[in-house]
Structure formats: C-alpha cells, structure tokens
Amino acid sequence: MSSLELGVCYYPEQWDPSQWRDDAAQMVEMGLDWVRIAEFTWGLIEPERGRFQWGWLDEVIEILGQAGLRVMMSTPTAAPPKWLIDEHPEILPVGPDGRARGFGSRRHYCFSSDVYLAEACRIATEYARRYGQNPYVCAWQIDNEYNDHDTVLSYSEAARQGFRRWLEDRYGSIDALNKTWGTVFWSSAYSSFDQIELPNGSVTTPNPTHSLDFFRYSSDRVQLFNRAQVDILRKHSPGRDITHNFMAGSFEFDHHAVATDLDIVGFDSYPLGNLLGSTLSDQEKHRYLRTGAPDYQGFHCDLYRSQGRGRMWVLEQQPGPVDWAEKNPSPADGMVRLWTWAAYAHGAQAVMFFRWRQAKFAQEQFHTALLRSDGSPDQAAVELAQIVKDRAALPPATRAKAKVAILMDYASIWAADILPHDDGFPNAQIIREWYAALRELGVDLDFVGPESDLNGYSLIILPQSMIATEDLAARLEKTQAKLLIGARSGSKTPDMHTPPKLAPGGLADLTGVRVLRVESLPDLAKESVVLQKNAPCEFTGWREVIETDHQIIGHFVSKYRNGSPAVTRSPRATYLAMVPRGDLLRKIVRDVLSWSGIEAVEHGPELRIAQRGALSFAFNFGDRALHLPDGVQRQILIGADPVEPYDITVWKGGEPPDNCASG
Amino acid sequence: MSSLELGVCYYPEQWDPSQWRDDAAQMVEMGLDWVRIAEFTWGLIEPERGRFQWGWLDEVIEILGQAGLRVMMSTPTAAPPKWLIDEHPEILPVGPDGRARGFGSRRHYCFSSDVYLAEACRIATEYARRYGQNPYVCAWQIDNEYNDHDTVLSYSEAARQGFRRWLEDRYGSIDALNKTWGTVFWSSAYSSFDQIELPNGSVTTPNPTHSLDFFRYSSDRVQLFNRAQVDILRKHSPGRDITHNFMAGSFEFDHHAVATDLDIVGFDSYPLGNLLGSTLSDQEKHRYLRTGAPDYQGFHCDLYRSQGRGRMWVLEQQPGPVDWAEKNPSPADGMVRLWTWAAYAHGAQAVMFFRWRQAKFAQEQFHTALLRSDGSPDQAAVELAQIVKDRAALPPATRAKAKVAILMDYASIWAADILPHDDGFPNAQIIREWYAALRELGVDLDFVGPESDLNGYSLIILPQSMIATEDLAARLEKTQAKLLIGARSGSKTPDMHTPPKLAPGGLADLTGVRVLRVESLPDLAKESVVLQKNAPCEFTGWREVIETDHQIIGHFVSKYRNGSPAVTRSPRATYLAMVPRGDLLRKIVRDVLSWSGIEAVEHGPELRIAQRGALSFAFNFGDRALHLPDGVQRQILIGADPVEPYDITVWKGGEPPDNCASG
Amino acid sequence: MSSLELGVCYYPEQWDPSQWRDDAAQMVEMGLDWVRIAEFTWGLIEPERGRFQWGWLDEVIEILGQAGLRVMMSTPTAAPPKWLIDEHPEILPVGPDGRARGFGSRRHYCFSSDVYLAEACRIATEYARRYGQNPYVCAWQIDNEYNDHDTVLSYSEAARQGFRRWLEDRYGSIDALNKTWGTVFWSSAYSSFDQIELPNGSVTTPNPTHSLDFFRYSSDRVQLFNRAQVDILRKHSPGRDITHNFMAGSFEFDHHAVATDLDIVGFDSYPLGNLLGSTLSDQEKHRYLRTGAPDYQGFHCDLYRSQGRGRMWVLEQQPGPVDWAEKNPSPADGMVRLWTWAAYAHGAQAVMFFRWRQAKFAQEQFHTALLRSDGSPDQAAVELAQIVKDRAALPPATRAKAKVAILMDYASIWAADILPHDDGFPNAQIIREWYAALRELGVDLDFVGPESDLNGYSLIILPQSMIATEDLAARLEKTQAKLLIGARSGSKTPDMHTPPKLAPGGLADLTGVRVLRVESLPDLAKESVVLQKNAPCEFTGWREVIETDHQIIGHFVSKYRNGSPAVTRSPRATYLAMVPRGDLLRKIVRDVLSWSGIEAVEHGPELRIAQRGALSFAFNFGDRALHLPDGVQRQILIGADPVEPYDITVWKGGEPPDNCASG
C-alpha cells in the first residue's frame, strides 16, 4: 500500500549554477520527492572522446540530495554528441526514403547500429560507475522515449545486415524462410540470407511476412538496446529501480517485452498534446479540448501498470500547454491535479511533472512548466500545492486485480498495419475505443499480453488479436472466463498465413465461427447491425461473412446478404463479424457485461470512476457539476457530491449499488 | 461467330503437387476451357543463372492438358529473380524522385534497360523452346500488366541514355531539336544530345515538348519490349495466339501501338477494385458499390476489342472482393455472372477468372477466388455454374461494327497531362464520361485511334483530341460522318506548339471555330451553359472564348462575357467550348445523336443494353427489377422482362422500336 | 511629380527577326514608352564558353531604340546555360530533401555557389560592357524573381560551407554560438564551426536559432548576389536606373535589405494568378475570381514603394489569364486598366505588361499577352488604348507620406515560421489582413521596416513583430505616434530567446503588458472577444494570458479564464492578446483609428479609394455600380459617380467630408 510520490524533471544545465540551490530548496518546499535529471547531458559530460567533465553534475546531485530530494538519474543515450556522429556517421537512423536522418535534434541513432550500442553501453557504464552508488541516486531512467520521432524502424545498412543475421537465427535455412514467407509468390525466392533487403524499397507491397519479421527484428533491437543498459546498471548501481519512459499511443515495438527487463514502467502523459492528432471526432476534440480524452490517462496507466507488474510511474506529466502539437491549448484550471489523481487511481506510484522551469531558448521554449522562464509560478505550481494537500487526506491504497482484462498484442497491430485490407482499419484504436466503452460503464480493467497469466478474470476481451495462436486459445479455454472477440481475431498465423481452416484460426472452437469471406466498406456506404432487440446501429469498414451453429444475437442490415450474422455467441465467446464503434460498441459491451455477470453503471461521457483498493475516485471532465451514482454509502475524503467541474471526489467504502447492475 | 470460352488463372507452384490433379479435374468439371499459368515463375524455373528446373512445370502442363484444359502459357518477365537483380542492379526502375525501386514485389525492371531486354528475351526463348510446340499450350501471355505500379515511366540511367539516342533518331540534329522544343525559351538550348536530361528533375515545369517526347520514348520502349517477345514466340510457338493483359483506366503507353503486335488484346477486369479510386461522385460510388460502374466493363471491352481487331479476352475477371483497393467490398451476388456476360456482349471471346484458389500466404491473401483457400467453393464458383448453363442457351454471335465511334488518342492525354492549364482537367475521364452518356442511351460504340480507318460511321466523337493533325482532319472530312468535337481538341500540334492560326488547328475548317482565349474556373465558381431551349446547366473548369460564323446552339451564362458561344454547329461538326459533365453532357449527347440520325433510348443509370450480332443483352446494375424498353418483339433466351436485380436478360431479334428514336 | 509610364516585356528571340521592326512600331503606336528585354538570353548570347553572339541583340536594341522606345536591359543570370551546368554541376540548388534541382527550366542555381557568383558577375560584366552606354538602354533589371520556385533556401554543399563561414563571422567563437543557440539543450554542442550542418536533415525540429540564422545567411547571400551585379552595372552603365522584380507574397529574403541597393524596386503583379492559392476564404475567392483581391495591388505597391524610397515600378502586369495557377480564370474586362491605375495610385512610376505576344511554344504557351500568338490584339491591348487615353486626362501627381505606417519585419516572419506553436499561425497573412482592414476604411498607408525612420506618423502598426528589439521600442517611443501591437510581438529576442521578463520584451513599457502564458486553439473550438460594448466576435488560433495595469478594452469569452483581458490600452499602445480576423479585426481597427484621430470611411468589400497627391482614385472591384462617399467637392477627370463595375473614377480636390470621420 503506497501513497503518491511526486517529482519533477529538471535540466540544471540550462540554468546558471547560482540558481541550483534555490531551485532545490523550492522543490522540497513545494512537496516534491523526486527529481529526474541528466537525460540529455552526454555532450556536456564528455565534450570530446574520453574527456569527462563530471564536476557540475556531481555538484547538482549533491545539492539536490542535500536538499532532501531523491534523484532519478538518466543515461544520456537519446542524444549522442556531434563528435560521435562525425566519427561514426553510420550511427544515424535512416528513413523509409533511404535518407539518413541527421544530427541537430535528438534520437539521431539507429537501434541496429552495433557501433552505437557499444558507445551507448560505454557511456552508460561511465554514468553508472560515477553515480551508481551515490546515496542520492535512487533510480535510473534509460534513454528517453524509444519510439519518439519514428526511430524504431530504421532502414540503415546496419539494419540490413542485422536483419539478415536475425533471419538466419530465426529460420536456420534459407529454404525455411522461403517456405514461411511464401516466396513462390511473385517469384521472389532467395538463395541466401545475404540477398534479403529491407522492406522499404519494393515497387509495390512487400511480402507481409517479410514486413512482420522486420517489425519483430526492430522490436528485438529495442529490447536488446534497453537490456544492455539494464545489465550495466544492475551491475554498477545495485538496489536502484530501473525504468524507461514509454509514450502514449505507441505500438512500434513490443512494450510487453521491453517491460520485462524494467523494475518500473514509466509513462509520459500528455493528455492535451495527444488529443488533436488523435482519431477522436471533431465533436469529441471540442468537448475535451481542455481536459484531454477522459480515458487517456486510465488507458495508458492501466496498460503500463499491467506491463510493470504493478509498478508504474508517470515520468512526465503535462503541466500546461505543450509546444509540439498542431495546436496547443491550455488545460482547464484543475486538470493537472485531476490527471495526477487519475494516474494514481489507475495504479501510478509516482507522478513527475515535466518540467521544473520553462526553457528560455532552443526547441521547447513554448512548453510550459511548474515555473515560467522568469521563475514565477505557473498554474501547475498552484495545482501542485493542492495535490500535496490532497495527499495528506488519503490513506495508502493498492490497486486490486480487475474482473475484466483486455488483451493487447503488438504483433497483431503490426499485422493489420501490414495487410489492412480495409484502408483506415482502426487497428490499435479499436482497443482504445473498447477500453473507453467499458470505462464509461465504470468497469475497472487490467491489460494482458499474449504471454500473460490469464487466470482469475470473469471476462477477457480480444478487441483485435489478428494473430491468435493455438496456444493462446488453449490457455483462454482453460480460464473459464467469458470472452469477447473482435472481428479479424485469429485470422492470421504467426507466420502471417491464413489458417488452414480459415479465420478465426485457433479461436474456431471457442467461438464456433468460420469466416467465409471478408470485405470492407467505405464511409460513404455505411451499413447497420441489429443487436438483440435494439434499433439498428451504423457501422462501416470491415465486415465478415461468417457461419456458425451457435446463437446469433446480432445481424446485418444490408442490401448484401441482409440478415446474415453479425454477432454470435457460443457458451464461451461472443464473436463480432464487424468492428463496432460508437453506439453499436456501447450496446455490445453492455450486453456482454451482462452476459458475463459484471456490474455496469452508466457514467456518461464526462464522469469517470475508478477504484484503488478501498479508495474510490470520481473525475469530472465536464464543465458542469455531476452527481455520483446513487445508493452508495460513502466517506468522502476529498471533494463533494456533486463533483465540481474539472474536479475530483475521493471516498472510502461503498460498493456500487445493486440497482445499478447492468441490464 | 463464337461462343464464350471460360478460363481461370492458376498458380500451381503455390500448392502441393498432390493437389494438381484434383484441381485440373475440378476445373474441367466446372466447365472451364482454359487455364493460364506460369506468370511469375522465373525464379522457380531458373533458381540460378543457367540452371533450369522444368520438371514441375512439365508435369503441371501434362496434368492440365490431359484433363482436357487448354493452357495459356506466360512469359515470366514481370518478376525477374533476385540473383539477376544482384548481378545487374541497373535493371531496377527508377522513380521520379531519382530513387531505384527495389526487389521484393514485382515489376522491378526498367523498360529502358537493354540488359533486361536481353535477359527477358533469353528467358522467353527458353520458355518458348520448352513449351512452344507443346500440344496443350494453345496461347501465350507476355509478361503481366505493363503499366502496373507506374513502371512505364522510369528515370534510370538507361532511360537517360536511351532517350538521348531516341531523340537523335527523331530529330537528326540538335538544332532541329532546339527548334522543335523551342529552347530559346528560358535559354535552355542544347549543343549535343548528350546534354539532355530526363524531365523529372528541373526546378520548375520542364519544356512540354521535352516531356511529351519522353512519354513517346517510354511508350516506344514498351512496344519494343513486347514486340521482342512476340517475335520469339512467333518463331518457337507457331500457330499459338499471343496476348498481353492490359489494365483498366491506363493511358501511360500507347495501347493502340502495342496492340498491333498482338493476336488477342487481353484485359484485366476489376469493376469493384477500380471503383472507389475513380473520379465518380460519392453518390455514384455508393450506388455502384457492389456492382461497379455500369460502363466499366463495356468501356474497356469496346476499347480493347477495337484495338484487338475484334479479338479481345478478359484475362483476369474479379471474382469477389479484391485486396488492393482502399476498401474492398463484396460484389452483389450475381455480379460475377453479370460482368462475364457484359464482357461477352461487348465482344469478349473468353473470360478467365482470377484466380482458382485464394492464396494462403504472401501479398494477395485477401484476394478472393473461385475457391476459398481451404478449397471450399466461394460465390464465384456458384455463379460460374450458372454461366455455364447460360452459355448452353445461347447461339454463337459476333459483334457488328457500330454506327458511332469514339476517337481515343493517347498522345492527347499525355499532352493535357503535361500542360493542364486547368489543374484537375478531367482528361481521359472525359472519354469515359462521354462513353457512359452514350451508353445510357443504348448506343453501341466502337473506338478508333488516330491511325484507324474512320469510314463507315454515322458519328465520330473526339472528346479530347488535343493533338489533332491536319492529316486526321482531312481523313475525318472524307468520311462524311457527323462529328462531335470537345474543347481543347486541335489546340496543340504534334510538336506541342500552338497552331499558327490558333486552336482548333487542323479542325478549324471542319468546325468553323477560332479559339481566341482559354481560361479555367475553380469549382467554387461554377458557371452555366444554355443549350438550345433547355434550362441552364452548370459546368466548371476549362472554358474557351471562341468566334464562329456558324450556328450557335449553346451559350454561356456568366458575369464574364455573358451569352458568348458555348456550343457551335457547322454542317459537319458540333464544337464545345467547355467540358460538359453530368446533365449538360447528357443533353448535348442527346442533341448530337438526334442531329446525326442515331436512335437513342433512355435507359437510366442502372440498365444497360448491348447488342452482339442477333443477341441483345440487358444488364440490371440496380437493386430493383427494371423493365425492358417497350415495343420490341423478343425471343427471350435467358432471364425475363423485367430484368431482376443484378441479373441479365438475353433475347434474339427485335429492333429498337421506332417510337424510341431520339428526340 | 510624374505621369504613368508604360512598357512591355518582350522576347524578340522567340520570334522571327523579320517581325521585330513591325513589333517595335506597333509598340510605339500603342503608346508604350519602355520595353524590357533579354532576361533569359545567356545561352543565346554565349552558346559556348567565351563565344559570344551579340549581333542579334545589338540589332534588336537598335530597332527598338530607333522606333522611340526606351530599353530596360536585363542580366540573364536567372537561367544559366546547359554547358555551364555541365562544367559546374555544383551550381545547382538543392532542395530540403537533399536532392539537386536540375537543369531544364529556370533558376537552377544556388545563391551560395561562389562559382556561380563569379560566372554571374562575368556574364553581367559582358552585358554591361556591351550595352551599358548604349543610348537606348535606359535601365537595367538584374536577374528575375529571386525567390521564384523556392530557390532562396538551398541545401547545397556550398551552402553548408558558406553557412559555416557566415556563422564564424557572426559569432567569432564556437562558444559564443553554443551559448546563443542554447546547445546545452538536447546536448547538441559544437566544438568547431565545421561541425555545423544545415537545418534540413535533423530527426525532429532543429534548434530555432540555428534555423533563424540559416534564414539570415540565405537572405544575405541574395543581397550579396544582387549587390555584386549592381556594382558591375554602376561601373559600366552609369546613370541608368537599376531594378529587380520582387514577387507578391514573398518573404523568404529580406526585401528591405536588397532594396537598399536598387534605384527602383520592381514588382511583378499577378492579381488573379495569386488569388486561388491564397489564404482567402472560398467566398472571397468566388467574389474576387475575376478581379483579384482588392488590396493585392495596393499592398504590394505600398510595400515596395516604401522599400524603393518612392521609386517603384510594376515590371510585369498580368494581362489576362496566366498559365501557372491551379485554375486560370480570365479577368473581367476592364481589370487590366483598373490594376494599372491602382498601381499608379499607390505610387508606381511605370507599369509594364507581361508580355508583348503570347508564346507559341515551350512552357508559357497558355500565358496571355497584349497580342495573341497569331498577332491579333487580345483584351489587354484594348485596355491599353484606354489607359493611354486616361493618362492624357491626368495631371502629374506624387504620392504623399501617409499618416499611418505598418511595420514589416522579415525576421519576425521567419521566426514564427520556425516556432509556430500555433500550426497554421497566419504569420505574414496577418499583415495583409490588417492592411486590407485599414484600406476598406479609406486609410492610405506606408510601410516601414525595423530600420526605417519612424517619425511623422500618427499611428504605427506592428501586426506581427515577433522579434522587436529594445532599440526599436526606444525609437517607437520617441515618435509620439500611437501604436497598435499584435499578439506575439516582442516575444523573442533577435537570438530567438524568450525575453528575460517574458513577452512582449522590449515592448513591455510601451504596452504595460506581461504575457504569462500562450496557447493555441483549433478552428473546431473557436472562442470570442468582446470589444468595448460590441457584440462578441469569434477568433481562433493564438491566445495569450496577459496581465496589465492599464485599461482593458476587450476581454475573452471562454470557458477558460472567462473575462480575462484580450485588448488592452496604455497611453501609447493598444495591445492584442489574440490574432483578430474578419469582423473582430475590423472593429479593432476602427476603434484604434478613432483613438489615433485618423479619419475612416467605410467603403465596403468592393470599393477602394486611394490618394496620389491631388488626385483621388476610386476603384470598383464589384459587378454593380458603387457611389462615391458623399459630401466631397470633386472635379472628376475620369469616370463618373457612381463608379461603374470594374471601372475607375479619378478626381481632383475634395477632402473626405467631416461627417465621415471615424466613429
């Protein structure tokens, strides 16, 4: 059971040393526990090869530690210095257009570069040796946001060579690769691994197994890069937690896999920064312009908490307008506090604000902070004071296992990206939309990966598990959980083949479904589904022609095969032959919860309720006060009923009332 | 007089040899006559230079032939093997961005590469020697879809050198080139052919004659590539028909020219695959989502039939959803049969379905087939059974020469692409829209090229003949046909100059028109034309200021020069000073048909009627039953009156009734 | 005091020499005074290195001069010949994608190439020596449209080396650069100037000071290139005016700086060519489709007149449809004359039509001219005859200094381009919109640059002066003028840092404002401002949270900090905390004019009135007759009251009536 810890990201190198002591004192005074430093300091520490300037950083750590702060140290590998790039220009990442992406900002390295891997280990070792046992250094962050600026997939010569070796390891013989890839198609057989190119230059669509393997290889390189630094830190800095800051809406590498090597999974939370570029409707973007989508924080915290085996920190929390989105609105006053407590409710152990003081120069000048660039407190500082007060009012609590789990499978997302069939297939968005539909009904959720322990849930949801193996199916079958399975699930083998008995492949027995044909519809020709006795609801995009001997609980309304099955239900699984969104999704989710015996309470678009142990949190993302659900006995610790706009209410005790059961 | 022959595209290399015999038997049982094979087999036949593995293909042919099928053999040059690319990377095509387009899919060769030409001839010779006199091999397809994936225009070093030599042949002296291109403009004179670059890299628009010559050169390279293989096959495989499969909506090379070397012009028909990416309105795309545009099959079959001197085959017929469009809807049940008979009505001698069995791996897994990947029959197999029954009910018939011809000139399309003036000028789309407007009125059509025999027509239509020579004009004049001439026709000489006496150049005498100025209007500022006594109809885009001494039968309604002539009529020619579409187009076409004494019957957007000899075919592209035109004596052979949705009716005898004459 | 002079752009090299004499005679007969020649003649004059063919050009000049025309000679450096590019391919400009932009059109040179600079000087010297003292050559144009086709920013190796040397000159030491750029950010410090790359290749946003310096460097190279030719012409062609033709809507180099070296600032005026690609609304584009935006001519003539210290010529005037816009409509009949007199009213000394006769070949065939390509007179020739008549009716007049000046700062525009924060920030468009809002109220305007003499104005307007120095602020303070200052002004130092006391930096004292936070809003979430007692008006995009002790005359209506200050007023300055457009802009401008004691008359969207000395000009951009403002005593010299559509009225005398004072 733990209380919320608070921290801040600090760049002392950007400020005059005379200011460091005051900064440290002010951080402590404001209630901060942690300070993260040194992310982008390689060139400052080692201005030329082998010449190290540690003094200033020694001093920073001493000052911060002496002031009472715990230091999260970073390895500086997200921004190698210019002299290293000049020595080894082959370190640079290469875009899909074949052009090297140069020095001048950050993340200018290719994960496939063994030269860079060695250099990254060398500098990480230097940092680890220097500070690994420093009493104030209590945790480490490795690198920064691995997939930022689309650098996970790089098409360098190193990647080409590395991919060939990786394929050799995977397949053993070129004949095995030819068979698995199906290179009899379009006469693309290889006689040697050294003939294989990267999948970015072909005249038209490359072989899909080729593409999927390149995703896997690239993901493995991220894991290898991360693990190499983990090993160094474990050796030189025993007892310190190791983390990395994952991003929102990021699926380019297998986060489950990388997380297995970390003690804490970090998350960089930018609810407004990620809003306008998202796939929400214009109406939703307008509604949530100054709050962010209500399930942004929950989705990522739940996902990364699950990956972190319960240990998840927000390593960067948006404090006001950011500088990097297409438009950068201000959060409503109160939202920084609301997001912070939402993170906590969804399992965060700590929240660190990005950043201490707004920069006066260089790229991120417009990114707000706790303090303005002139040192005056900005809105986030005001809200931090309230957060510190709130914290005092709350007993420690630990998030419990949920009744419902969502399966998140990165390879399935890559697979649908490679062979969409439906251009604009919502892919990972499906998972986020299903999450939101469940959260609007007050359901607490865990995430699982294809390798996770699946036991103990009442309902397991596979929104988009395109690659669902026989093994996964067998483990699902053993759980006794009800299943909700989205269209396309099980439609490809791990080798990206069509299953011998057609989709849903390994899920055939559980669902009792056989997919005879798939098609996709444009938005200009929407069709409808009638679920049970509901009115028809529109859908578009992916549609399947299926056959089943089980119950048909929803059917298509269409000029094409009108009345054919759209939603089927076997004893164990509800299967969807299209991708529901909006109203149709909500109706299906409600029906499935009822079928699974999970309680549901309709909270509407702006109220969210989450449990952390004995504590219940309500969050109001709207501009009007909203009442809490009736009939619950509550000991309110923070806030009130109704919940004020952009405000929170926290209480102890009280089960959801019986009369709010789903139905 | 011929009946419809049926066939299928088959990739035996993608299936276990144990399945070949059953496949062959099942094909015969289903009524198929032809099987096309071996398109993408180079790497399988010759896995390394000079080592040939013919055994499996020998066996396949033997099995298919023994089963009673006629084999269409393919040369495998659309997909050279990796070892050849590694030996000669200069074979690769180069995009307009200067980057080579690599191995990993198909069509990774540059038409300008003499190295590849020699290799293609070498392998074609090997195939031709091996199978040229095989009794089961009854026809050949060369390569596959020449212009697929935009590979006709390639900007390689080979193209640069080849273009220079081609220019030297064309112009003889660099002075002649300078004069023809007009290189005094922007001081771009050349002193040697070796100074000339490809037109893809200039700072702004390159010289238009330079660009047009590059189109011509590139088209000549396609013709040369095709002819080289034709010559080989003629030598080694006497008596077999030779074909190539042209694509829909393709204008990148001169199909007239390539067709002169073929015995049969092939066409790959994907009515739904080509719908959503077309220029139809959203409303039309919705209406025809599951049928394809009603004139898709007719347009291409008429065009390629004319190019094939009456010999045209559908070499690939869409059997269900394809996998390569932005969205891939299912055809309405019945459409595969409808498309098949539409092809026949428009002159096809054979229709071959693409493909036998849906692939289990590689790029085209989502492309449907006659059979699903598990071998179960898909919808197209059901419809094939009906087609075979239909066929038995129909006597042989040969398509007659039409009364109306449309002039299709590839160079004019290139010219308008190079100097659009009106960004978004509909260009080739004009021809398709005029075709459709005529077909809605039941008019059967031929196509002619600028070199064709133009005699024997009552009406010849030049929708967009930007380059109309004096010679063409003289030959048109001699025909006595009425003429309908679209805006912009004759506005450039073959050298891409403005004609000395302005547009319409060579067509001036026939039309009696002089074009004083051209302009183009954006969609946000549409204007109108009043034709005869009709209500005004909107148009946009291209508009001309013309003068004439002849009859003005339509005028502009505009704030600019209101009342100026929009449609004029000399004794021989109706000339349009804008590009009519929609209602305005329909009104003009109806008026011109009446003027030309051609009968017209309004069939509406969903019914099409076509004649093939004594047989009349009606096709219902809509979802309601539609009555046939009244007053015709009919002996119905297939179907009924009214025609059922997505169904056909075929009858013998009966002229269109008198009271349906245009007017 | 001067009358309007008239001229034409002529390309004798494109026509048979037998036509030259007739052309010259016809030009004189039509009333033309000037003829501009030889812009693109390098390759014709020097077809190979060192071999010169002057004869034909000698003859052209002799013919033109003898006929009575004054010749404006051009240096031919906008189009180097092919042989020079083949000798020195490093001359070619390089795009942001790193690819050289090749020969085949024009402007295929990089401003950073010292090789090209030397060659340009060599050929300019040859031209200057040959014709510098020719009695008919009365003026020179250098090169052609420096920033056309985006060639000012070039990413060549020459640019890389040149930029490094330029930085060395600017900063002296690499430490100074590191400090100014703030390279402690993202660890991007340099140890040598030779490590610095161009800002086009980094993984994500490059350092903003780096980018700004590259703009400055590139602008300096244009100035250096221009000045080098100026020096040559001054030496060899004494007494002749030297000019260059600036373009519309062009901000890529500092036009103030380049103008200081010219005698006359030229402008190429394409009111319709520049309309559809502009940022006007669709409704405005429709309204002005055949007239161009009413303030297009005024804005550019006022701007370039100010830069030319009163000497401004239109060197190319659109005569009819152009060929290079996305759509190319015809101007309404009368507009060529209207544009010509609008140029004169806004200070032009001469207007030259582009071009004499429409080209018969090459790139610009669709560009109209005074004559059609067959030599017949086109509409512009008809209007020219009227212009010549008009001219005879008007006494000479000189444009007076205005009461209101707008500050135009190119560096501020670059700065907002580099760090937009608000993607789609209207940037330079703000200046054009504010200009138009003032002109709709009949206010005559001057432009000033940051270095200009600011004295003598009643009102100085800073629509977007992101970089406003302390020095500028001090000079503004001394003027006693009222100030209108747009949002974002003063928000960055010249080094692209945030000012120590936050925005508006140097303008803090004048405005009494401190900007606490900025944000930006998407169009889907517009907010409103209430100004004084007006109804709320919408705005979107940039918004500031400010504090002030001065008067708040407008406030925000918003769910975020409702009522916070939007428009403030100190004794000297009105400051805006957002970017007003449309109605809000008009209301603010009217209020500020009243506050500044400047008279304003509402002229509506289609009428414009401008003063040139004692002459008043009214221009009707609409299709209905419009009345002149009441109560003015007028001696009408041309036209009538009301002003006819697309027509002008010119009168002497008459102050704006008292009852039209602003209010």
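Guide: Two residues are in contact if their C-beta atoms, placed from the backbone, lie within 7 Å. Helices (H or I, at least four residues) and strands (E, at least two) are DSSP runs, numbered from the N terminus. The model is predicted: local features need pLDDT of at least 70 and side-chain atom pairs pLDDT 80 or more, while totals for chains, interfaces and linings use all residues. Residues are numbered from 1 along each chain as its sequence is written, and chains are lettered from A in the order in which they are written.

Visitor: Which residues of α6(A) meet α8(A)?

Guide: From α6(A) come A:Gly162, A:Phe163, A:Trp166 and A:Leu167, and they meet A:Asp213, A:Phe214, A:Tyr217, A:Asp220 and A:Arg221 of α8(A). By class, this contact has 5 nonpolar, 1 polar and 3 charged residues. Here Ala, Val, Leu, Ile, Met, Phe, Trp, Tyr, Cys and Pro count as nonpolar, Asp, Glu, Lys and Arg as charged, and the others, Gly among them, as polar.

Visitor: At what angle do α6 and α8 of chain A pack?

Guide: Two packed helices are described by the angle between their axes and the distance between the axes. Axes are lines fitted to C-alpha atoms, for helices over the stretch in contact, and angles run from 0 to 180 degrees between N-to-C directions. Helix α6 (residues 157-171) and helix α8 (residues 208-236) of chain A pack at about 105 degrees, with their axes 10 Å apart. The two helices are therefore roughly perpendicular, a term for angles of 65 to 115 degrees.

Visitor: How many strands form the closed barrel of chain A?

Guide: Strands of a sheet pair through backbone hydrogen bonds, either parallel or antiparallel. Two strands count as paired if DSSP finds at least two bridges between them. In chain A, 8 strands form a closed barrel in the order β1-β2-β3-β4-β5-β6-β7-β8, with parallel pairing. Between β4 (residues 137-141) and β5 (residues 241-246) of chain A there are 3 bridges, and A:Ala139 stands opposite A:Asp241 in β5(A).

Visitor: Which strands does helix α11 of chain A lie across?

Guide: Helix α11 (residues 296-307) lies across β5, β6, β7 and β8 of chain A, at about 165 degrees to β6(A). Helix α3 (residues 55-67) of chain A lies across β2, β3 and β4, at about 150 degrees to β3(A).

Visitor: How many residues does each chain give to the contact of chain A with chain C?

Guide: Chain A gives 55 residues and chain C gives 42 residues.

Notes. Parallel < 35°, antiparallel > 145°, perpendicular 65-115°, else oblique.
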